[in-house]
Amino acid sequence: GRGETVQTSAKKTGTTICGVTFKNGVVLGADTRATGGSEICDKNCEKIHYIAPNIFCCGAGTAADTEKTTEMIASQLELARLNAGGVESRTVTACTLLKRMLFRYQGHISAALVLGGVDAMGVHLYDVYPHGSTSKLPYVSMGSGSLAAMSVLEMKYKEDMEEAEAIAVVKDAIMAGIMNDLGSGSNVDVTVIRKDKLPSGERSVEQFRGLEKPNEVAEVRARINRPDKLRVAPGGTATLTSTFTPAAEPLVVEDAEAMQL
């Protein structure tokens, strides 16, 4: 009715993402499951997004929101670098642009982010909430599997870790989400951003796609030998008749759910 206040319900995220700082940089991790309601839409989606050559961002929430939000901020930072003569983007600049955009939409953009980067001011790791609030911490986790991941981070995180140790901690944290949260699953993706610079002047960045695959079924399927009688060759079934009748009116999708990360 007129004058009534409608309370909007927050969309639930189905994801485990986290980040950890170490002695020489920052490690970001994510699972690879995308869901639409109770169904799995994509078993191997990418949740670690490019922001700048020295900055990357993990996204949880509605798939379209996380992808377009990070794309827009990456574009703004690219223009800023061109205007500044190619000066390296600062992580706090990306954080400020993200929080201003999300706050403007009052949480209606369903994007919960873990932002990590290395710049002239050092190593940085932020978590960014859909309403625009942010925190700068040595280790963070977000998404529906964040509690499982945080339990591992709280237990295993140490200051000034070596890179291999930090990667192992992030991998274990994401695995905890994959195994204990229904919205998270499939593989573990990891991105490492280091203080070291390449001959080109850019930071050393390494992305491990599918670092851990706990649900890999290729080996199991390879052990199953189907009889030749069950294998129907292409064209083995004859087509007797074929007809096509176009719809009288254009189809309208009345009920659809956004894909969640």
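1. A word to begin with: a residue is called exposed when its relative accessible area is over 50%, and buried when that value is under 20%. Keep in mind that you are looking at a predicted model.

2. Start with helix 1 and its outward side. L79, L82 and N83 are exposed, and they sit on the face of helix 1 turned away from its buried side.

3. Now turn to that buried side. The buried residues of helix 1 are A63, T66, T69, T70, I73, A74, L77 and R81. Viewed down the helix axis, these buried residues fall within an arc of 150 degrees, so they line one face of helix 1.

4. What lies over this face? The cover for the buried residues of helix 1 includes strand 5 (48–52) and strand 6 (55–61), along with helix 2 (91–104) and strand 7 (111–119).

5. Here is a friendly check on length. Helix 1 covers residues 63–83, which is 21 residues, so at 1.5 Å a residue it should span 30 Å; the C-alpha atoms at its ends are 31 Å apart, in agreement with that. Just after helix 1, have a look at G85, which takes a positive phi of about 80 degrees.

6. Finally, visit T16, in the segment before strand 1 (17–22). Is T16 buried or exposed? T16 counts as buried because its relative accessibility is 0%. Leaving aside residues up to four places away in sequence, T16 touches residues including G29, A30, D31, M142, I174 and D181. S184 is also one of the residues T16 touches, and a polar contact of 2.7 Å joins the side chains of T16 and S184.

Methods. Residues numbered from 1 in each chain as written. Predicted model: local features only at pLDDT ≥ 70, side-chain atom pairs only at ≥ 80, totals over all residues. Heavy atoms only, no water. Helix = DSSP H or I, 4+ residues; strand = E, 2+ residues; numbered from the N terminus. Buried < 20%, exposed > 50% of the residue type's maximum accessible area, 1.4 Å probe, protein only. Polar contact = N/O pair within 3.5 Å; in protein donor to acceptor, adjacent residues only side chain to side chain. Contact = heavy atoms within 4.5 Å. Expected span 1.5 Å × (residues − 1). Arc of directions from axis to C-beta.
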